[in-house]
Amino acid sequence: MPAPTTAAAASRALARGLRPPAPDRTATPAAVAVAPVLRLSPVVLAQLVVPLVPPGASGVEEHLPAADRREGPLLPDRSDPTLTWYVPSAALVVPDPSFSFAARRVGADRDGDPFHAARLELGVRLDEPPEVARARAERPGTTYRAVPLLDLDAELHLPWTDAAGQPQAVRVPAAVDPAPDGTHRIVVDGLLGPDVVLCYTQLRLLHAAELHLALRYRAVRTRSRRPWWPRRLPVLDELRPPRPLRPVRAVPPGRPVREPLVAGALRRPLEDVLDRRPRREPLEPPEPVEPVEPPEPVERAVVVEEHEQQVVRLADALARGDHPQRYTLQVGGTTRTIVDEADLAEFRTARSEYVELASLGDVSARFPSVRRVYAGRVTGTVVVVPAEYALVRSAAGCAALCQALVDPQAGGGQGSRFALVLGLAPRVDPVDLAGLAREVATAPELAGLVPRLTLPRGLDPRHPATLATPFASGATFTEGADPGTVVLTLDVRDDATPAVNKVNLLLGALAGSVRNALTGELAVRVDDVLEVPVRTAVTLDLHATSGSDDVTVQPADGAGTGVVLVNRTPYDLDVVRSAAVTDAGLDVAPVGQRLAPGASLALAAPPGAPVLVSRELALPPVVPKTELGRYVSFQVETVQQVRYVLGVNATGLDLAALGVEELRVEVTLADHPRLAVPPLVLTPARRADSVQVLVPVGSVVQGLGAHLVLRVRTAAGTRDVPHEHDFWQDPVLVLEAGALG
């Protein structure tokens, strides 16, 4: 190297008292800096110290972190005491909307199992370490900056255990791309075969995967080294005594004599060479030489590349929230969500994510209005299957419509056709739903997910719905305009029994006192691939309805404690109970009050606590036909008279024993007082009679209330007994004991 050669030559020149040679212009800066000093004495040379390179010299930036003075992640600036650098701390982006685990099936392996290739993409952000916040509090006037990174490398580590029980790890390199939002996208595109299953299992179930990051940045370090110094000075070699000469063998006469070379590279006269006697001339001792100390180490500031290794533990962050929905599998041109690891081990192309929440036990025993609960293991969606679907009640009334379609060409009442259209919805008590939500939050099947309770969104077309009634010629179930609602259309036609009679029986069952007189069954849709049908009951009864926007709950005025319940329906409502939702649980309280249309009711509740209310229609055991029009809307497209049979039956009375010679029943319809109805005549020999009348279709289905006069003729004379009867509710008036007064 040029520097040592020049220094050695200078040293030898000093030892001989000569002028040192000129420095080599091609030598390194160190050699150039040392050469002029060699003109001094060895003592001065030994005391030479090269100072630290000042900022800006030798191409070193003025502001760089000083790695020698690092304290944890903090590195002071090399020249500015008010500037401190820090090494950022890597963390996973959670939640990560751009996260994806995309697997695709590319074939089968040698064992006949599916073979996949996968691409994993996730986000990493570089945050300030906690030490920065503490340092800011201690030194508020200092500026803190992240060290500028030269490069960021990543590698995915997937741990596994071999057959001997020893821990191993699959290491997959990853690409790092800066994102516009300041984060870094980590892309792992080298997952194949078993590594795909291992990666999915670690991310979704075992949560032991790690992301190893290597951060590289520039910093300044102080290098300390001693300058070149000869191990021994040439001047000492000159003072050292010569080595003894070895005897030289005599040369035979006539043979040319060559001058030999001896130690020390000195040429001696021939006579000295032929002389076999060694020279024993005494040597003078050397003059004492002052000891020379080597020079102090030279310090230089050099720019180095620092490497920082950090490990980001993925844990269960990518198995919570919305992340499970982004694990996808592409098979045969279709892409679907991966339900569990079995999707990667089997060749099935479609599977349902929903399973019944068995960990909750019998939910119907604790929440009577709930039948079953199904949970989505990917989305966290919880489908609550109601115990029954019932008639909808709202601020507009009940969703019940009776349409009368009459064929004007048909006579005698034949050709009539009725359509009963009913809107149905899940009948779930809001208090039950709130209590169920608290239990679902602790279900192990939904660990790591955020449960979202929902009612069924529609019908399952794979399993038709049914309705058990002989009064309808057909029943059709369709999905309603509002999500989760169902429209039931009952078609009533003439056959052996006139349609008008059958529709009367249907409406009577809807408003009667016999519960569950009209029942059916339908299958609700959980998703399109769930193999087990999810069925529930259908109940057509005005005493059991499903409310939507029938009431409003408003905060109370004044102190802000409690709420006010307002009835928005045109009907009376029975408020059964209320529940205030607090952090501690549900505060359920019985109410048991009737609320008139438009009326309000104050309920106690903590400030700001949501309040849920259980309510039903306030109805008598049997809804009179005159009141049925409040709950069922009637439409008649063609006003046509139909033949309706009115009858009187007194077979339960012994008219002869009562002395009745004739019982004449005169009927006047309340809604049609001008309509002539032939009288019905009973005698002891004929105790039942009936007549046929032509009435409008609307009257038949809306009500046939009548004012009756029972004209009783005996031997003593004639007396009139008034009586009221609805021939729609019962086409035959049955006279019992005491009816004649």
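A residue counts as buried when its relative accessible area is under 20%. In the predicted model examined here, Tyr327 has a relative accessibility of 0% and therefore counts as buried. Tyr200, at 1% relative accessibility, falls under the cut-off of 20% and so counts as buried too.

These two tyrosines form an aromatic pair. A pair of aromatic rings is described by the distance of the centres and the angle of the planes. The model holds 5 aromatic pairs. In the pair of Tyr200 and Tyr327, the ring centres lie 5.5 Å apart and the planes meet at 85°, so the arrangement is edge-to-face. Because Tyr200 belongs to helix α5 and Tyr327 to strand β12 (residues 327–331), the pair ties together parts that are 127 residues apart in sequence. Both tyrosines are also members of one aromatic cluster, together with Phe99 and Phe101.

Helix α5, which carries Tyr200, spans residues 194–206 and thus has 13 residues. The C-alpha atoms at its ends are only 16 Å apart, whereas a straight helix, at 1.5 Å a residue, would reach 18 Å. Besides Tyr200, the buried residues of α5 are Val196, Leu198, Cys199, Thr201, Gln202, Leu203 and Arg204. Just after the helix, His207 adopts a positive phi of about 60°.

The cysteines were examined next. The structure holds 0 disulfides. Cys199 of α5 is buried. Cys398 has a relative accessible area of 11%, which is under the 20% cut-off, and is therefore buried.

The largest pocket contains about 920 Å³ of space. Its lining is made up of 43 residues, of which Pro426, Arg427, Val428, Ser546 and Gly547 are the closest to the centre of the pocket. Several secondary-structure elements each supply at least two residues of this lining: the strands β17 (388–394), β20 (416–426), β24 (486–493), β27 (545–547), β28 (551–555) and β33 (611–617), and the helix α10 (430–440). Strand β33 gives the most, with 6 residues. By residue class, the lining of the largest pocket divides into 23 nonpolar, 11 polar and 9 charged residues.

Note on methods
Residues numbered from 1 in each chain as written. Predicted model: local features only at pLDDT ≥ 70, side-chain atom pairs only at ≥ 80, totals over all residues. Heavy atoms only, no water. Helix = DSSP H or I, 4+ residues; strand = E, 2+ residues; numbered from the N terminus. Expected span 1.5 Å × (residues − 1). Buried < 20%, exposed > 50% of the residue type's maximum accessible area, 1.4 Å probe, protein only. Disulfide = S-S within 2.5 Å. 1 Å grid on protein atoms, 1.4 Å probe; cavity = no way out; pocket = protein on both sides within 12 Å on 5 of 7 lines; lining within 4 Å. Points joined across faces, edges and corners; volume = space filled by probe spheres on them. Nonpolar A, V, L, I, M, F, W, Y, C, P; charged D, E, K, R; others polar. Phe/Tyr/Trp six-rings, centres within 6.5 Å; stacked < 30°, edge-to-face > 60°.
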